[in-house]
Every structure is written in structure tokens, then in C-alpha cells.
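Me: I have a protein model open and would like to go through it piece by piece. Can we start with single residues and then move to the whole chain?

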Amino acid sequence: MDKKELIRRIEKFAPLETAESWDASGWLVETDKQEIDSILLALTVTDDTVNQAKEQKCDIILSHHPLFCVPIKYRNIGIYSAHTNLDMAIGGTTDTLIEKLGLQVTEIQGFVRYVEFNTNIEDFITKLKSISPNMRYTNPNNTKKLTKIAFCAGSGSEFIEEAEANGADGFVTGDLKFHTALDSKIPVFDIGHFESEIQVLKVFENLVNNDATVIYAKETSPFLH
């Protein structure tokens, strides 16, 4: 597969101009190799995933999380990341989480997706535990029913108040901090950063569309339960 065609497909799906100004989406390492035969898909570029790519003789790593400082030892393999632009994209990070849960997006506002879904909170917890068995949650007002749930994969707790103002009666994200949980007026479900984002790698595979060999990196959450 031609390298330029691969990147064209990714950036058509998730344009770089939609990434946050602080972000490092795009090429982290670009080599001279133009023909891509094998691709490693990874949520995060680490020593381990780079070693996996080398062992599998991959030409490039496609990752969601970028590096803001690239170690010299990584610079002999292509590394391309789609981060906040993939979060913003229709069908991107949060949308794949919602799809994994068997739900459908009914409203989009920036990074946040909304799902109108009538359910009792215990059934919804069971649904979330199907992809995140060790999830944690708040329920400050002993809410029994949910009708409009906001989602933001990764670290999205900064949007809790916005979600509440938009009528959400529950919020799903990762990386929930103590005081944020304490201050929330609606139930917040912390399913973990890794668990909320890992399914987005399927987007990369779909964009490759069998034009190169795709290998999924062996990754797990860094947290032990």
C-alpha cells in the first residue's frame, strides 16, 4: 500500500485541522519507505509496542495516543498518530465506544456524544461492565433511571457540567478524579481510559481496507485490578 494513500484515507476521515492546538497528531516519525506492507495498530506507542512492531517486521505504527517527545531509538520505524482529530471525527473514538455497547448516537457536541436511552441504572452498569469489569461510578442523588447519557472516551471529565447543562442525566468517561466525582450532580461512570478507547483501532483497520497486513499490538491497561 502506498504510504501517501494510507495517510490520505486517515486524514480524510479525521482531518488534522480538527485536532486541538496542543496536540501532536500526524507524523511522529516518517521514514523514507513509501510502500507499506505491514502495519501495527496500537493505542499507545511504548517501548513494548515498538518492539512488537520490529519483531513483526512492520513498516509503520498507527496509534491513537501521540508522543510529545520521540526517543531516538524509535526513529527507524514510521509512527503516525491520530489523537484529538480522531476523537472529533464522526465514527471516531467515542462513537466506536457507543457502538461497542450496542447503542446509537443521537446528538453530537464537540468531543461529547449523547445517547437517548431509557434504562435503569443497574442494567446500564451491567452493560458497561461487559467491556470494563472493574469500572467505578458515582450516584450522588441515588438516580434510578437514565434517559439521556453523555459519552466522552478517554479523559473527558471536564465536560461533565456541559453534559448536565445539555440535559444528560449520566456521563461515561475515564480518568475520573476524586474532587470531580465529588462535585458532579449526575452519575458519572469511569470505565477506564484504556477500556474506553481501545476499540477505536478498528477504525484504522477499516481504513486500511485489506490493502496491507494489519497486526494489533498486544496491549492492556496499565492498572492491575
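Me: Does Glu158 count as buried or exposed?
Reply: Glu158 counts as exposed, because its relative accessibility is 64%. Exposed means over 50% relative accessible area, buried means under 20%, and partly exposed is in between (1.4 Å probe, protein chains only).

Me: Before going on, what kind of model is this?
Reply: This is a predicted model, where local features need pLDDT of at least 70 and side-chain atom pairs count only at pLDDT 80 or more, while totals for chains, interfaces and linings use all residues. Residues are numbered from 1 along each chain as its sequence is written, and side-chain values use heavy atoms, with hydrogens and water left out.

Me: Back to Glu158, where does it lie?
Reply: Glu158 is in the loop between strand 8 (145–155) and helix 6 (160–165). Helices (H or I, at least four residues) and strands (E, at least two) are DSSP runs, numbered from the N terminus.

Me: Now Phe194. Which helix is it in, and is it buried or exposed?
Reply: Phe194 is in helix 8 (residues 193–197). Phe194 is buried, because its relative accessible area is 17%.

Me: What is Phe194 in contact with?
Reply: Leaving aside neighbours within four places in sequence, Phe194 is in contact with Leu43, Glu219, Thr220 and Ser221. Contact means heavy atoms within 4.5 Å.

Me: Next, helix 1. Which residues there are buried?
Reply: In helix 1 (residues 3–13), the buried ones are Lys3, Leu6, Ile7, Arg9 and Ile10. They cover an arc of only 155 degrees around the axis, so they are on the same side of helix 1. The arc is that of the directions from the helix axis to the C-beta atoms.

Me: Why would residues in a helix point the same way?
Reply: An α-helix has 3.6 residues a turn, so residues three or four places apart point the same way.

Me: What do the buried residues of helix 1 pack against, and which residues are exposed on the other side?
Reply: They pack against strand 1 (26–29), strand 2 (38–44), strand 3 (60–65), strand 4 (78–81) and helix 9 (201–208). Lys4 and Lys12 are exposed on the other side of helix 1.

Me: Last, the whole chain. How many helices and strands?
Reply: The protein chain has nine helices and 11 strands. Its radius of gyration is 18 Å, close to the 17 Å that the globule rule gives for 225 residues, so the chain is as compact as a globular protein of that length. The radius is taken over C-alpha atoms, and the rule is 2.2 Å times the number of residues to the power 0.38.

Me: What share of the residues is buried?
Reply: Of the 225 residues, 53% count as buried.
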